[in-house]
Amino acid sequence: MSQGAMGSGSYFTDLVNGVEESQDFSPTTDTPIDHGPAAAKGSQGRTKNFSDEEDRLLMSAWLNVSMNAIQGVNQSQTSYWARIHEYFHANKSFESDRSQGSLMNRWSTIQHDVNIFCGCVTRIEDRNQSGCSVDDKIANACALFKAEDKKNRKFALMHCWRILKDKPKWMERRKQIRGAKTASNKKQKTKANSSPSSAAPVLTPGTAGVDATPAEDPSK
């Protein structure tokens, strides 16, 4: 197993021992920011669903494989995910033949759903409801996730959320997602405001269904 594949730590081993620590937290642009779980169809439509073990190892790879100085901060997405794929198969202790594309698609789904669930948890915590335990808040966040999901799906990635939620690299990734979403919303708003269709129509006397204001001077 190459040093590049291992990153600077063995997060998967820590998970097995019940310790959640990662050594590499360098922010990276790993996959395009996804705003929906549609990308998962590639991995789940042709092959069986990912197991919890596979999810945990995939997150371990994502947390540990970073854009370090040796590889260069401008390495391509393909190169970066090739290293994650290498790490995944070098550290697996179970049968799995996931391709690089399959891992990318699965991460896209994890990133999307866990990011939304993190937002639900934050909103529940902001309510400061007295007498609510941690378990109550998580249950309320799950209910909020389901209520706001277009397909009324239950949150099925609790094992991923528990691992990612406090990791610096994940927190940085969430900032990138929020930044991209804000920029996209501003762009759409600017485009809508500049569109001729968004301007108020000019009403003239004789317009059907409109009571036009009489002219001040009929002679004019």
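## Burial and overall make-up

Of the 220 residues in the chain, 35% are buried, where buried means under 20% relative accessible area, exposed means over 50%, and partly exposed lies in between (1.4 Å probe, protein chains only). The model is predicted: local features need pLDDT of at least 70, side-chain atom pairs count only at pLDDT 80 or more, and totals for chains, interfaces and linings use all residues. Residues are numbered from 1 along each chain as its sequence is written, and side-chain values use heavy atoms, with hydrogens and water left out.

The chain has nine helices and zero strands. Helices (H or I, at least four residues) and strands (E, at least two) are DSSP runs, numbered from the N terminus. Among contacts between residues at least 6 apart in sequence, 72% join residues at least 24 apart; contact means heavy atoms within 4.5 Å.

## The nonpolar core

In soluble globular proteins, nonpolar side chains tend to be buried together. A nonpolar core is here a set of buried Ala, Val, Leu, Ile, Met, Phe, Trp, Tyr and Cys residues joined through side-chain atoms within 4.5 Å. The largest such core holds 36 residues, and Trp107, Val114, Phe117, Trp161 and Leu164 have the most contacts inside it. Two or more residues come from each of α4 (52–64), α5 (77–91), α6, α7 and α8. The largest contribution is that of α6, with ten residues.

Which residues does Trp161 touch, leaving aside its neighbours within four places in sequence? Trp161 is in contact with Val114, Phe117, Cys118, Val121, Ile138 and Phe155.

The 27 residues of α6 should span 39 Å at 1.5 Å a residue, and its end C-alpha atoms are 39 Å apart, which agrees. The expected span is 1.5 Å times one less than the number of residues in the helix. Arg106 lies in α6 and is buried, with a relative accessible area of 7%. Arg106 and Phe50 are 56 residues apart in sequence, and their C-alpha atoms are 7.9 Å apart in space.

Two packed helices are described by the angle between their axes and the distance between the axes. For α4 and α6 the angle is about 90° and the axes are 11 Å apart. Axes are lines fitted to C-alpha atoms, for helices over the stretch in contact, and angles run from 0 to 180 degrees between N-to-C directions. The two helices, α4 and α6, are therefore roughly perpendicular to each other; angles under 35 degrees count as roughly parallel, over 145 as roughly antiparallel, 65 to 115 as roughly perpendicular and the rest as oblique. Asp55, Leu58, Met59 and Trp62 in α4 meet Leu103, Arg106, Trp107 and Ile110 in α6.

## Two helices with a buried side

An α-helix has 3.6 residues a turn, so residues three or four places apart point the same way. Helix α7 (residues 134–148) has 15 residues and reaches 21 Å from first to last C-alpha, close to the 21 Å expected. Its buried residues include Ile138, Ala141, Leu144 and Phe145. These cover an arc of only 120° around the axis, which puts them on the same side of α7; the arc is that of the directions from the helix axis to the C-beta atoms. The buried residues of α7 pack against α6 (100–126) and α8 (158–164). Asp135 and Ala147 are exposed, on the face of α7 turned away from the buried side.

Asn140 is also in α7, and at 29% relative accessibility it counts as partly exposed. Beyond its neighbours within four places in sequence, Asn140 is in contact with Ile124, Gln129 and Cys132.

In α5, the buried residues are Tyr80, Trp81, Arg83, Ile84, Tyr87, Phe88 and Asn91. Seen down the axis of α5, they fall within an arc of 150°, so they line one face of the helix.

## Two loop residues with positive phi

Most residues other than glycine have a negative phi, and most peptide bonds are trans. Asn128, which is not a glycine, has a positive phi of about 50°. Asn128 sits in the loop between α6 and α7 and, at 65% relative accessibility, counts as exposed.

Asn152 is not a glycine either, and has a positive phi of about 55°. The place of Asn152 is the loop between α7 and α8. At 46% relative accessibility, Asn152 counts as partly exposed.
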